[in-house]
Amino acid sequence: MSTALSLHQSRKRKNGVMMALCVVAAGIGLAWLALILGALIYKGLSGVSLAVFTQMTPPPGDAGGLLNAIYGSIVMTIIGIVVGTPIGVLAGTYMAEYGRFSRLTTIVRFINDILLSAPSIIVGLFVYELLVRPMGHFSAIAGAVALSILVIPVVVRTTEDMLNLVPNALREAGTAIGAPRWVVIRSVAYRAAMSGIVTGILLAIARISGETAPLLFTALNNQFWSSNLNAPMASLPVTIFQFALSPYEEWQQLAWTGALIITLTVLGLSIIARSLTGRREDR
Amino acid sequence: MSAVSEAVTTSAMRTREATVRRFALTDTIFRSATRLSAILVLVLLGGVAISLFAGSWQALSKFGFSFLTTEAWNPVTENFGALAPIYGTLVTSAIAILIAVPIGIGIAVFLTELCPRPLRRPIGIAVELLAGIPSIIYGIWGLFVFAPFLQTTIQPFIIWVFKGIPGLNSLFAGPPYGIGLLTSSLILAIMVLPFITSITKDVFDTVPAVLKESAYGIGCTTWEVTRRVVIPYTRVGIMGGVMLGLGRALGETMAVTFVIGNAHRISASLFAPGTTISATIANEFTEADGELYTSSLVALGLILFIITFIILAIARYMLLRIDRRAGA
């Protein structure tokens with residue numbers, strides 16, 4: 001009787017300990033997020049001023065802003081999205097519509113999932129070998145191409161997932177009134193899956209707007225204003241990298257401010273993307 | 001459906017046959033475009049592999065197999081070996097996974113079993129938002145906030161504790177720089193935690209309720225249900241998530257570059273500065289002069305590509321298996 005009771009006690013105790021550890025784990029995870037965001041807001045906010053958005057990156061020891069870096073980031077992100085999205089959407093369309101049961105789809109899905117989490121610095125090396133070396137110089141185009149390669153897998157994945165969620169009855173209804181396959185896809189499937197596809201694009205923007213590694217040796221960096229796509233261009237992440245590792249206080253402060261801008265952009269985009277589709281599976 | 005009605009009205013005077021043929025043509029074009037795009041995804045990965053091979057050929061043919069086993073990294077004498085970066089990459093990733101896996105599983109258990117229902121979604125989202133923060137933010141935070149904190153408080157304490165214990169005292173030998181292998185590992189652990197958590201939580205959700213209920217029905221505690229039912233059932237999926245996290249950790253560049261210290265040597269102490277493959281490439285690529293130097297860095301990239309490809313392929317295969325079972 002007493003051994004049975006003590007066994008019960010020890011099982012209960014063990015359960016209590018393990019569950020407490022799980023709560024602690026969740027606490028650690030959340031506390032870490034709060035710590036990082038807290039430090040970022042504390043250090044970044046003190047440097048936010050109009051000058052950040054209106055002045056160029058300064059020489060060491062001077063005050064200045066991040067205008068050319070922000071401009072470069074926006075330009076390269078836009079080109080990356082414009083190049084990457086159509087390819088990604090079309091590939092996802094093939095996988096969910098024309099080739100849903102083909103062998104090619106299985107292989108592409110597998111390779112795409114690997115590209116999705118492949119190290120982004122590898123993409124940088126690839127574009128360096130592909131564009132920078134033949135052209136003989138670093139350029140914003142190369143940076144944008146590197147970003148578009150990162151966009152493709154994200155968009156492929158969400159497009160395929162979202163098109164697979166469209167009920168087949170809708171497609172059958174379209175086909176029954178005599179619409180050819182591509183009209184059904186364009187006017188029925190895309191329309192039904194629109195919010196999901198847009199979510200994928202937003203997530204892709206969120207992903208590339210903070211990417212540094214693929215830009216380091218494709219777009220390089222530029223201390224000055226440049227809108228020439230065939231020349232090195234500044235970007236926010238690379239500028240943060242350079243400024244944060246410098247010994248100059250003004251540069252470090254700009255790095256923090258830039259980091260705050262990127263984080264708020266990325267968090268904002270992810271929250272919008274999330275609210276567009278409600279609960280979304282994200283791997 | 002405007003396209004159809006449009007097409008129907010414009011074809012009013014044409015023959016029906018021509019319309020059908022036009023439909024077939026556009027459909028073929030659209031179909032080929034989608035197929036080409038899908039194939040382009042394969043071409044991308046193939047292109048990455050080929051270009052890395054081509055770029056690293058010079059270094060690989062000069063150093064041969066000894067590239068993998070040499071610690072030397074001397075741009076002046078042009079003698080390069082990948083051992084130190086490979087060592088740094090493997091050690092930091094392994095420690096990061098060891099820290100992140102228990103915490104990640106703990107959070108997943110908390111979210112699926114313990115958390116009050118109204119809090120479940122917000123906390124799940126908060127953890128997943130951690131995954132969206134760009135790695136450079138972790139890097140700058142690690143360099144300016146985390147490393148000084150480690151340097152002034154945690155590291156001196158650990159050195160003091162393990163000073164008298166043989167074996168451990170060389171693992172935690174000073175001086176406390178703040179930056180180094182251990183700091184990188186901790187930052188990596190924070191970074192992969194959200195991936196491991198969200199995948200573990202997803203595979204936990206695939207456990208059929210009836211399995212858990214029968215265990216609870218015979219009087220199991222929550223911990224026993226988790227340990228004996230949920231985890232065995234989802235083992236493959238958890239392993240897949242861990243491998244995916246490992247893939248991320250191995251290839252992570254910016255966060256590590258900030259806090260690793262970039263020293264091409266292998267030291268026993270975890271507090272010593274070291275380097276990883278990705279940090280070496282990020283730090284030195286634009287400054288590399290000479291074909292052989294550049295080629296050696298690309299060769300490092302090739303090694304990283306092969307390692308992560310294998311790890312990610314295993315991860316995807318495992319996750320595919322649990323998906324299939326959940327679907328069946």
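1. Which residue of chain A forms a salt bridge with B:Glu291? In this predicted model, the partner is A:Arg133, and the closest N and O atoms of the pair are 3.7 Å apart. The count of salt bridges between chain A and chain B is 3.

2. A:Arg133 also has a partner within chain A: a salt bridge joins A:Arg133 to A:Glu129, with the closest N and O atoms 3.2 Å apart. The two residues are 4 residues apart in helix α5 (residues 120-135) of chain A, so about one helical turn separates them. A:Arg133 is partly exposed, at a relative accessible area of 33%, whereas A:Glu129 is buried, at 13%.

3. On the interface as a whole, 88 residues of chain A are in contact with 88 residues of chain B. About 8200 Å² is buried between the two chains, and carbon and sulfur atoms give 78% of that area. Across the interface there are 8 residue pairs in polar contact, both residues being at pLDDT 80 or more. Helix α1 (residues 2-45) of chain A supplies the largest share of the side of chain A that touches chain B, namely 18 residues. By residue class, that side of chain A divides into 61 nonpolar, 12 polar and 15 charged.

4. Over all chains, the structure holds 12 salt bridges. One of them pairs A:Glu97 with A:Arg171, the closest N and O atoms being 2.9 Å apart. This pair links distant parts of the chain, with A:Glu97 in helix α3 (residues 67-98) and A:Arg171 in helix α7 (residues 168-176) of chain A, 74 residues apart. Both ends are buried: A:Glu97 has a relative accessible area of 5%, and A:Arg171 has 8%.

5. In chain B, the side chains of B:Arg21 and B:Glu17 meet in a salt bridge at 3.0 Å, N to O. Both residues lie in helix α2 (residues 16-63) of chain B, 4 residues apart, about one turn of the helix. B:Arg21 is exposed at 54% relative accessibility, and B:Glu17 is exposed at 55%. Elsewhere, salt bridges that share partners join A:Asp113, A:Arg157, A:Asp161 and B:Arg316 into one network.

6. What is the number of disulfides over all chains? The structure holds 0. For A:Cys22, the closest cysteine sulfur is that of B:Cys115, 12 Å away, which is too far for a bond because a disulfide requires sulfur atoms within 2.5 Å. A:Cys22 is buried at 6% relative accessible area, and B:Cys115 is buried at 3%.

Note on methods: Residues are numbered from 1 along each chain as its sequence is written. Chains are lettered from A and ligands numbered from 1 in the order in which they are written. This is a predicted model: local features need pLDDT of at least 70, side-chain atom pairs count only at pLDDT 80 or more; totals for chains, interfaces and linings use all residues. Side-chain values use heavy atoms; hydrogens and water are left out. Contact means heavy atoms within 4.5 Å. Buried area is the accessible area (1.4 Å probe) that two parts lose on being put together, summed over both. A salt bridge is a side-chain nitrogen of Lys or Arg within 4 Å of a carboxyl oxygen of Asp or Glu. A polar contact is a pair of N or O atoms within 3.5 Å; within protein, one must be able to donate a hydrogen and the other to accept it, and residues adjacent in sequence count only if both atoms are side-chain atoms. Ala, Val, Leu, Ile, Met, Phe, Trp, Tyr, Cys and Pro count as nonpolar, Asp, Glu, Lys and Arg as charged, and the others, Gly among them, as polar. Buried means under 20% relative accessible area, exposed over 50%, partly exposed in between (1.4 Å probe, protein chains only).
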